[in-house]
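Please read the following comments with the sequence and structure open. They cover the fold, the charge pairs and the charged surface.

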Amino acid sequence: MPKIKNMGHATAKFNEGVIISGSAGNDTKALVLTGSMVMSGSESKPALDIYANVSDQYVAIIDNDQGSSGHGLKVSSDGTGSGTTILNLANGTSTVFKVRGDGRVGIGVGTPGSTLSVDDEIAVGEKLIHRGDPDTYLMFDDDELHLVAGGRTMLKLEEGATDKLLVNHGALD
């Protein structure tokens with residue numbers, strides 16, 4: 001195998017690309033690139049396929065040290081329908097997080113049936129707010145639930161020594 005400037009060993013094969021293995025001297029990186037890199041795949045093969053069988057370390061790390069406007073990762077696709085998967089995170093054979101081209105997102109759901117589909121519980125800190133209408137929301141306090149519309153509590157549930165259900169708690173007639 002020909003040596004490439006202390007970056008390990010490489011084998012170039014026609015129509016098969018470049019295979020790099022080994023390490024760069026005292027550095028543990030087999031390949032270091034500066035600048036841009038362009039890869040293209042085909043309909044039957046991905047442009048990038050990374051495989052490892054390691055424990056207690058990441059297979060890939062994307063790190064941008066820019067402090068103010070440093071972006072980490074952009075994934076895009078021209079596909080806009082339900083058959084387009086833009087991002088699929090899985091553990092074994094189970095989908096953990098999926099984003100489709102039609103804008104639907106699944107958490108623990110392989111086929112999201114609505115804009116956001118969640119397989120199990122959702123933990124909310126304080127409020128579920130109606131988008132575009134910030135004074136309409138469902139608010140959670142310790143042992144209390146408030147249904148608020150137009151900034152007024154329409155329904156309040158309290159659990160305590162004496163449980164209460166207050167209707168029209170916002171004093172509307």
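The points below concern a predicted model.

1. Secondary structure. The protein chain contains eleven strands and zero helices. In sequence order, the pattern reads β-β-β-β-β-β-β-β-β-β-β.

2. Contacts and burial. Taking contacts in the protein chain between residues at least 6 apart in sequence, 1% join residues at least 24 apart. The protein chain has 173 residues, of which 13% count as buried. Its accessible surface is about 14200 Å², and carbon and sulfur atoms account for 50% of that.

3. Salt bridges. How many salt bridges does the structure hold? The count is two. One is formed by R100 and D102, with the closest N and O atoms 2.5 Å apart. R100 counts as buried because its relative accessibility is 8%, under the 20% cut-off. D102, at 32% relative accessibility, counts as partly exposed.

4. The other pair. K156 and E158 also form a salt bridge, their closest N and O atoms lying 2.9 Å apart. Are these residues buried or exposed? Both K156 and E158 are buried.

5. Negative patch. E126, D141, D142, D143, E159 and D163 form a negative surface patch. Within this group, D142 sits in the loop that runs between β8 (137–141) and β9 (144–149). D142 has a relative accessibility of 75%, so D142 counts as exposed, the cut-off being over 50%.

How values were computed:
Residues numbered from 1 in each chain as written. Predicted model: local features only at pLDDT ≥ 70, side-chain atom pairs only at ≥ 80, totals over all residues. Heavy atoms only, no water. Patch = residues over 30% accessible without salt bridge, like charges linked within 9 Å, V, L, I, M, F, W, Y side chains within 5 Å. Areas by Shrake-Rupley, 256 points an atom, 1.4 Å probe, with all protein chains shown as cover. Salt bridge = Lys/Arg side-chain N within 4 Å of Asp/Glu carboxyl O. Lys, Arg positive; Asp, Glu negative; His and termini not counted. Charge placed at Lys NZ, Arg CZ, Asp CG, Glu CD. Helix = DSSP H or I, 4+ residues; strand = E, 2+ residues; numbered from the N terminus. Buried < 20%, exposed > 50% of the residue type's maximum accessible area, 1.4 Å probe, protein only. Contact = heavy atoms within 4.5 Å.
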